[in-house]
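Hi,

Here is the structure I promised to pass on.

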Amino acid sequence: MQEQPENDLETYQDEALATLALATDEKGIEAWYRKHLAPSGTMNQWRKRIGAQPAEQRKAFGARVNTAATALATAFETQKRAVAALELERSIARQSVDVTLPGRSLTSGGYHPVTTIIREVERVFHEMGFLTFESPHAELDEFNFELLNMPADHPARDMQDTFYLSDRTVLRTHTSAGQVRAMRIYAPHPVRVILPGLCYRHENITLRSEIQFHQIEGLLVGKSVRLSDLKGVLLSFARKMFGREQRIRMRGSYFPFTEPSVEVDIRCTLCGGAGCRVCKHSGWLELLGAGLVHPVVLANGGYDPREVRGIAFGMGIERMVMLLHGIDDIRHFFQNDLRFLRQFRS
Ligand code: PHE
């Protein structure tokens with residue numbers, strides 16, 4: 001540098017501008033800046049030589065150095081902006097986002113058929129003044145069995161049927177487990193609740209049985225409650241759910257926590273009662289279990305069984321969806337196969 005003649009300044013400037021045009025990325029532009037314009041760069045070395053000029057040439061040389069410095073600085077700023085724009089384009093290309101492509105249309109989801117039915121059943125009972133009451137899935141043996149008048153040796157407590165979490169806790173085997181919990185919140189006042197949710201049973205998974213399934217429980221306790229209220233509530237439910245002409249029938253049955261106990265059937269939704277494969281030619285479909293709440297259970301809930309009576313019922317949701325849609329395999333409900341689920345998208 002020192003031995004470079006002063007009249008080479010313009011040559012240097014031309015060459016520097018020429019190499020600047022070749023700096024087309026961030027690294028290149030930084031390297032160019034360090035070489036030419038940074039404090040340790042060539043431009044400053046030219047400036048230092050101003051003082052070494054003979055007095056009469058000093059001013060003119062100084063002016064030429066300034067002109068060159070300005071030209072380089074201006075060109076540098078312009079190139080820097082161009083490179084920044086280029087880098088942005090490159091990073092967009094790297095993300096492989098083509099902003100000129102037409103957008104993809106959104107696919108909309110849908111509710112699981114079980115969710116849809118639960119909501120429908122809830123709506124019908126809410127209209128009749130029932131409130132939704134949630135109770136735990138992991139439940140004390142006490143609430144799932146004991147307080148529901150199920151003695152320790154009752155077959156329903158058999159290890160085959162129940163998932164035990166510990167000696168005292170189970171995965172609830174039915175939503176009836178929430179009955180006493182609800183009563184203890186409301187007693188001695190009347191209660192009118194539905195309890196929806198998952199239940200669990202230790203069973204072999206087959207066409208008809210799963211280890212998990214949904215139930216909706218209903219519970220109504222009050223001073224003048226009678227068996228005919230059970231029939232009235234369930235008939236209006238069946239008509240709102242399955243059609244105005246729907247009929248129901250009650251058959252005697254047995255549950256430890258209701259007395260009397262009944263099983264409630266509806267007219268076959270497929271053949272209308274004429275008899276078909278689904279109703280096994282009886283014309284009727286079994287819908288739910290129900291009864292008058294057993295006095296022992298009322299007492300466990302904090303009521304005086306001489307003062308009040310209660311009705312209770314519990315229905316299986318998957319079973320109801322199967323009847324409504326002619327589905328023959330309960331396992332579909334928990335496999336999350338989109339080909340199955342898409343059929344219910346509304
Ligand atoms: N919990 C019973 C079942 O799972 C159904 C039921 C509920 C029966 C309420 C009577 C009263 O089969």
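This is a predicted model: local features need pLDDT of at least 70, side-chain atom pairs count only at pLDDT 80 or more; totals for chains, interfaces and linings use all residues.

Residues are numbered from 1 along each chain as its sequence is written, and side-chain values use heavy atoms, with hydrogens and water left out.

The domain assignment (automatic or from a database) gives domain 1 (9-95) and domain 2 (113-344). Their C-alpha centres are 84 Å apart.

The ligand is surrounded by 14 residues, the closest being H174, S176, R201, Q215 and E217; a residue counts here if one of its heavy atoms lies within 4 Å. The side chain of H174 has an N or O atom 3.0 Å from a ligand nitrogen. For ligand oxygens, the distance is 3.1 Å to an N or O atom in the R201 side chain and 3.0 Å to a polar side-chain atom of Q215. The protein buries 89% of the 330 Å² that the ligand exposes when taken alone (Shrake-Rupley method, 1.4 Å probe).

The whole structure holds 11 salt bridges, meaning a side-chain nitrogen of Lys or Arg within 4 Å of a carboxyl oxygen of Asp or Glu. One of them pairs E10 with R64, at 2.9 Å between the closest N and O atoms. E10 sits in helix α1 (residues 9-22) and R64 in helix α4 (residues 55-94), so this bridge ties together parts 54 residues apart in sequence; helices are DSSP runs of H or I with at least four residues, and strands are runs of E with at least two, numbered from the N terminus. Another joins R251 and D265, at 2.7 Å, linking strand β6 (residues 248-255) to strand β7 (residues 258-267). R251 is partly exposed at 32% relative accessibility, while D265 is buried at 2% (buried is under 20%, exposed over 50%, partly exposed in between; 1.4 Å probe, protein chains only).

What about disulfides, and how many are found? The search finds 0, taking a disulfide as two cysteine sulfur atoms within 2.5 Å. The C268 sulfur has its closest cysteine sulfur in C271, but 3.6 Å is too far for a bond.

Finally, D337 lies in the loop between α10 (317-325) and α11 (338-341), and is partly exposed at 27% relative accessibility.

Best wishes

Notes: A polar contact is a pair of N or O atoms within 3.5 Å; within protein, one must be able to donate a hydrogen and the other to accept it, and residues adjacent in sequence count only if both atoms are side-chain atoms.
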